[in-house]
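User: I am new to this structure and would like a friendly close look at a single part of it. Please take me through its charged pairs and the helices around them.

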Amino acid sequence: MSSDRHASPQQPYGTAYEQMLEKVRYEGAYPTRERADEAVRLVLAGLGRQLTGDERVDLARCLPLEAARVLTAQIPDTQPLTGWAFVKDLAVRTGASQATTRWDTGSVFSAVGAYAGLDLITRILHQLPTGYALLFGRAELTSAA
């Protein structure tokens, strides 16, 4: 009797990326690893269009190879998006609701934060426009005028 349960996935991933997908799947309560993979690819591609310089390079070094490739395959936009505009842009690109896209973003950024660590995430947040701290699960601090 043949079973597909043990069939290898269509696209085998490295162990580190599999662990990242499991973390995102758990954080986002996604029903399948494939759904978590969709979220990771969507959000990291979007982040790759926003992030430049040393922060981009340092983040790519922290991530599993497959995730780093998604991030660095993107050409950074000339006009950076605020956090809310980032979510809206991803929603438009996929046809998903903004609420679903916000959930995807938070789930993926939670995993990214675990790989990158507090110092790098702080540097990234200083580079990006307002609104990303909340997406990374941190308070949005503003300086008094």
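Analyst: Let us begin with a term: a residue is buried under 20% relative accessible area, exposed over 50%, and partly exposed in between (1.4 Å probe, protein chains only). This is a predicted model, where local features need pLDDT of at least 70 and side-chain atom pairs count only at pLDDT 80 or more, while totals for chains, interfaces and linings use all residues. Residues are numbered from 1 along each chain as its sequence is written, and side-chain values use heavy atoms, leaving out hydrogens and water.

The protein has eight helices and zero strands (DSSP runs numbered from the N terminus: helices are H or I, at least four residues; strands are E, at least two). Of its 145 residues, 40% are buried.

Now to the charged pairs. The structure holds 11 salt bridges, each a side-chain nitrogen of Lys or Arg within 4 Å of a carboxyl oxygen of Asp or Glu. One of them joins the side chains of Glu18 and Arg33, at 2.8 Å from N to O. Because Glu18 belongs to helix H1 and Arg33 to helix H2, this pair ties together parts that are 15 residues apart in sequence. Glu18 is buried, at 16% relative accessible area, whereas Arg33 is partly exposed at 31%.

Another bridge, between Glu22 and Arg25, has an N to O distance of 4.0 Å. Both residues sit in helix H1, three residues apart, or about one turn of the helix. An α-helix has 3.6 residues a turn, so residues three or four places apart point the same way. Glu22 is partly exposed at 32%, and Arg25 is too, at 27%.

In helix H5, Arg93 and Asp89 lie four residues apart, again about one turn, and their side chains meet in a salt bridge at 2.8 Å, N to O. Arg93 is partly exposed at 49% relative accessibility, as is Asp89 at 23%. Bridges with shared partners also join Glu18, Glu22, Arg25 and Arg33 into one network.

Helix H6 has buried residues, among them Thr101, Val108, Phe109 and Val112. The buried residues of H6 pack against helices including H1 (15–28), H2 (33–48) and H5 (83–94), where contact means heavy atoms within 4.5 Å. Just after H6, Gly117 takes a positive phi of about 90 degrees.
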